[in-house]
Amino acid sequence: MTNATTEPHLFVILGGRGDLMHRKLLPALYRLYRRGLFPAGCCFLGAGRGESTDEEFQEYARGSLAEAGFTMTPDAVRWCNESIFYQAIGGDDGYRKLADRIQALEQARDLPGNRIFYLALPPSVFPASIEGLGETGLNQSAGWTRLVIEKPFGRDLSTAEELNRLVHRYFAEEQVYRIDHYLGKETVQNLLVFRFANALTEPIWNRERVERVEITVAESLGIEDRSGYYEKAGAMRDMIQNHLAQLLTLTAMEVPGAFEADAIRNEKVKALRAVTPLQPDAVVFGQYTAGEMGGKPAAGYRDEAGVAPDSETESYVAIRLEVNNWRWQGVPFILRTGKRLPRRTSQIVVTFRRPPVALFAEFRGESVEPNRLVITIQPDEGFDLSFEVKAPEEPYRLETQYLRFRYADVHTGLPDAYETLLLDVMNGDATLFVRADEVEAAWHLFSPLLENRPKVYPYAAGTWGPKEADELLGGDGPWATR
Ligand code: BG6
């Protein structure tokens with residue numbers, strides 16, 4: 001989000017040999033390097049409990065780039081070999097060794113002491129890592145120090161509060177960057193621009209004009225090889241508390257006083273706090289059973305490797321909620337996400353109220369179609385605004401047509417969310433990161449559903465979720481599925 005110039009720094013990734021580093025961080029860092037965004041001297045230090053030499057780690061980095069589809073040009077090889085290093089931090093003095101290595105690298109590369117620590121780790125080891133950094137004095141330096149924490153941040157409200165307390169024991173909130181990669185997506189950021197840079201949007205973005213809002217993140221993938229994590233998380237922790245909550249806040253928030261991190265985050269927190277407590281009868285949990293995906297048989301959730309045969313983990317959630325403020329009172333907001341749904345699509349659908357007088361009812365059957373704005377976050381990023389037109393010739397007939405915008409029609413390729421977010425951390429722009437009070441407000445809203453879990457209904461893989469959700473979602477189901 002920022003255009004500022006990056007200052008020389010050392011980028012430390014705890015969990016250096018982990019999946020996130022391999023699949024996302026290394027390719028994103030390399031793309032930023034290719035854009036010329038690292039000043040001279042910047043380097044990357046992977047850290048982990050396992051032993052590895054710098055050379056082995058550089059080979060690992062080259063493998064990650066090759067897997068991400070980059071050609072291993074001499075420049076790519078040089079980048080890996082000259083700016084990527086590894087430090088093992090197993091044992092009692094692991095963080096001491098890390099501190100020594102950081103100092104040595106900073107000296108050798110003439111760096112001013114600006115540091116980023118990225119916790120690309122399983123959440124169970126966040127506390128030990130934060131303590132390790134803090135107790136070794138790595139929370140402060142001669143320059144700036146920033147701490148990046150991956151999701152999920154806590155398992156519920158009390159664990160999130162506890163983690164925030166621990167973080168704040170060593171780091172000021174301004175140093176902390178809680179990641180939600182949805183905020184790094186161009187189309188998610190575009191929500192702010194679409195809403196606040198267009199004079200047409202805001203006057204109709206309220207209860208007077210909007211009938212309902214549906215936010216859907218549908219995935220066709222199952223849980224892949226992540227049963228260990230997913231069994232304990234479920235869709236509530238994996239998607240709703242973070243990604244869908246973020247889409248909700250950006251859709252529902254008030255106009256911020258300024259385009260800056262805290263002004264925006266203040267409004268997001270207010271929107272979350274305005275949501276009325278969730279009602280059990282406005283929530284449906286589901287779990288996929290065996291079905292068919294793209295004409296091929298697909299296993300049920302309980303048959304996935306590592307899943308308990310009687311697991312009650314939800315792979316689908318639909319929630320109807322209300323944002324109880326002057327702008328939105330009475331407008332249903334529907335959040336819906338699930339795995340093994342028929343196709344991958346993330347959309348925000350705003351359905352506007354119909355005209356107050358049904359002047360054309362006789363030409364359109366039972367009633368005129370409402371105008372709809374469909375914001376597609378992925379894939380096929382863009383939006384469609386539907387409106388009614390007269391079909392040519394007689395008899396008099398109305399039909400629905402669309403104003404359509406697609407990023408792909410005007411731009412080649414969108415940056416990866418991690419690329420955007422890493423650059424923002426490097427430049428100290430926290431706008432796209434989740435503040436402590438925001439993460440707690442989201443847990444405050446959703447934790448009750450984790451304590452009093454609704455019944456989990458089955459749905460066949462390759463369908464749009466349990467039939468029990470249909471009524472909740474509004475008669476013939478959400479528009480996004482069409
Ligand atoms: C992750 C979840 O945070 O987001 C995954 O852990 C999910 O389960 C993924 O598949 C979805 O992200 P995207 O960017 O593919 O929509």
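Residues are numbered from 1 along each chain as its sequence is written, and side-chain values use heavy atoms, with hydrogens and water left out. In this predicted model local features need pLDDT of at least 70 and side-chain atom pairs count only at pLDDT 80 or more, while totals for chains, interfaces and linings use all residues.

Trainee: What is the radius of gyration of the protein chain?
Mentor: The chain has 13 helices and 17 strands, which are DSSP runs numbered from the N terminus (helices H or I, at least four residues; strands E, at least two). The globule rule, 2.2 Å times the number of residues to the power 0.38, is set against a radius taken over C-alpha atoms. For 482 residues the rule gives 23 Å, so the chain is as compact as a globular protein of that length, with a radius of gyration of 24 Å.

Trainee: Which strands are the edge strands of the open sheet?
Mentor: Six parallel strands form this sheet, in the order β3-β2-β1-β4-β5-β6. Two strands pair if DSSP finds at least two bridges between them. Those that pair on one side only are β3 (84-88) and β6 (176-178).

Trainee: At what angle to β3 does helix α4 run?
Mentor: Axes are lines fitted to C-alpha atoms, for helices over the stretch in contact (heavy atoms within 4.5 Å). Angles run from 0 to 180 degrees between N-to-C directions. Helix α4 (residues 94-108) lies across β1, β2, β3 and β4, and its angle to β3 is about 155°.

Trainee: Which strand gives the most to the lining of the second largest pocket?
Mentor: On a 1 Å grid over the protein atoms alone, a pocket is an open set with protein on both sides within 12 Å along at least five of seven lines; lining residues have an atom within 4 Å of a point. This pocket is lined by 19 residues, with L385 among those nearest its centre. With four residues, the strand giving the most is β15.

Trainee: Which element gives the most to the lining of the largest cavity?
Mentor: A cavity is a set of points where a 1.4 Å probe fits but cannot get out. The largest one is lined by 18 residues, including D180 and Q241. Two elements give two or more residues, α8 (227-252) and α12 (436-451). With five residues, the element giving the most is α8.
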